[in-house]
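Trainee: Could you walk me through how to read the features of a structure like this one? I would like the general idea each time, and then the case at hand.

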Amino acid sequence: MDHRTPSPRIPRNADARQAAESWTFLREAARDLRTTGAVAPSSRALARTLTDPVATCGARPLSVLEAGAGTGAVTRALLSRLPRGSHLDVVEANPRFTERLRRLVDHHPAPVIRHVRAEVHQAYVEELDTGRRYDVIVSGLPLTNFTPDLVDRVMARYLDLLHPGGTLTYFAYLGTRRARTLFAPRAEARRHAAVDQVVGAYQRRYATARWTVLANLPPAHVWELRRPSVDAATPHLLPLLPGAEQ
């Protein structure tokens with residue numbers, strides 16, 4: 001499995017738009033941690049790493065799903081990198097973020113220039129039913145804020161939505177396990193440890209790469225998981241293994 005740390009390819013200074021979106025994230029996180037778990041929008045470096053599987057697929061049209069799109073930092077990267085004729089489904093549960101995402105999609109030049117079809121859905125990803133399977137799924141969902149059962153449902157749903165051989169990328173902030181162990185109430189630390197077990201099961205079975213992105217607030221690992229070309233097991237029957245790396 002690839003554990004390389006990618007060299008910085010993108011400027012580290014955030015522009016005014018990213019600063020404004022950071023305040024939006026903080027406000028929405030205060031309202032609902034189920035739909036907003038990040039402390040800031042994804043940096044351009046993180047967005048690029050999360051969307052790298054799109055670039056490695058070549059020029060063929062792709063079917064791509066982005067889950068937990070927030071204010072659209074990763075959506076912009078996807079729209080800029082999708083090959084001609086691709087389809088992008090963006091799912092976001094927060095209605096205020098959904099309005100922003102629809103404006104972003106409506107005004108981005110990629111759908112017109114490269115005939116990319118993009119749709120924004122206000123929904124939870126585990127309830128999403130577009131009738132499509134995907135070559136690439138990019139997740140920005142705050143898994144560490146969820147219950148272990150919900151994390152298992154979401155991860156199983158991702159694998160079910162992927163074409164055989166398709167890839168899932170998602171990120172996890174560095175140091176969250178240690179911080180929760182030291183400072184969180186005991187019940188919260190137990191919940192987080194149980195989430196680690198669930199995520200670790202999927203990582204151990206399906207992970208093909210992990211990168212470290214330092215140019216993000218906070219720094220993050222990006223994980224890549226791949227659905228096997230021939231499935232060996234049903235995702236929701238995976239054993240809960242200890243030791244998820246975060």
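Mentor: Gladly, and let us begin with a term: a nonpolar core is a set of buried Ala, Val, Leu, Ile, Met, Phe, Trp, Tyr and Cys residues joined through side-chain atoms within 4.5 Å. Buried means under 20% relative accessible area, exposed over 50%, and partly exposed in between, with a 1.4 Å probe and protein chains only. This is a predicted model, in which local features need pLDDT of at least 70, side-chain atom pairs count only at pLDDT 80 or more, and totals for chains, interfaces and linings use all residues. Residues are numbered from 1 along each chain as its sequence is written, and side-chain values use heavy atoms, with hydrogens and water left out.

Trainee: Which residues touch the most other members of the largest nonpolar core?

Mentor: In soluble globular proteins, nonpolar side chains tend to be buried together. Here the largest core has 31 residues, and Val64 and Leu88 touch the most other members. Taking contact as heavy atoms within 4.5 Å, and leaving aside neighbours within four places in sequence, Leu88 is in contact with residues including Val64, Leu78, Leu79, Leu82 and Ala118. A second, separate core of 29 residues includes Phe146, Tyr158, Tyr206 and Leu225. Over the whole chain of 246 residues, 52% count as buried.

Trainee: How many residues of helix 4 are buried?

Mentor: Helices (H or I, at least four residues) and strands (E, at least two) are DSSP runs, numbered from the N terminus. In helix 4 (residues 73-81), 8 of the 9 residues are buried, so this helix is largely enclosed by the rest of the structure. Among the buried ones are Arg76 and Arg81.

Trainee: What is the order of the strands in the sheet?

Mentor: Two strands pair if DSSP finds at least two bridges between them. The 7 strands make an open sheet with the order 3-2-1-4-5-7-6 and mixed pairing. Strand 3 (117-121) and strand 6 stand at the edges with a single partner strand each, so one side of each has no neighbour in the sheet. As an example of parallel pairing, strand 1 (residues 63-67) is joined by 4 bridges to strand 4 (residues 134-139), where Ser139 stands opposite Ala67.

Trainee: Which aromatic pair is stacked?

Mentor: Rings of Phe, Tyr and Trp (its six-membered ring) pair if their centres lie within 6.5 Å; planes under 30 degrees apart count as stacked, over 60 as edge-to-face and the rest as tilted. The structure holds 2 aromatic pairs. Tyr202 and Tyr206 form a stacked one, 6.5 Å centre to centre with 25 degrees between the planes.

Trainee: Where do Tyr202 and Tyr206 lie?

Mentor: An α-helix has 3.6 residues a turn, so residues three or four places apart point the same way. Tyr202 and Tyr206 both lie in helix 9, 4 residues apart, about one turn of the helix. Tyr202 is buried, with a relative accessible area of 1%, and Tyr206 is buried too, at 5%.
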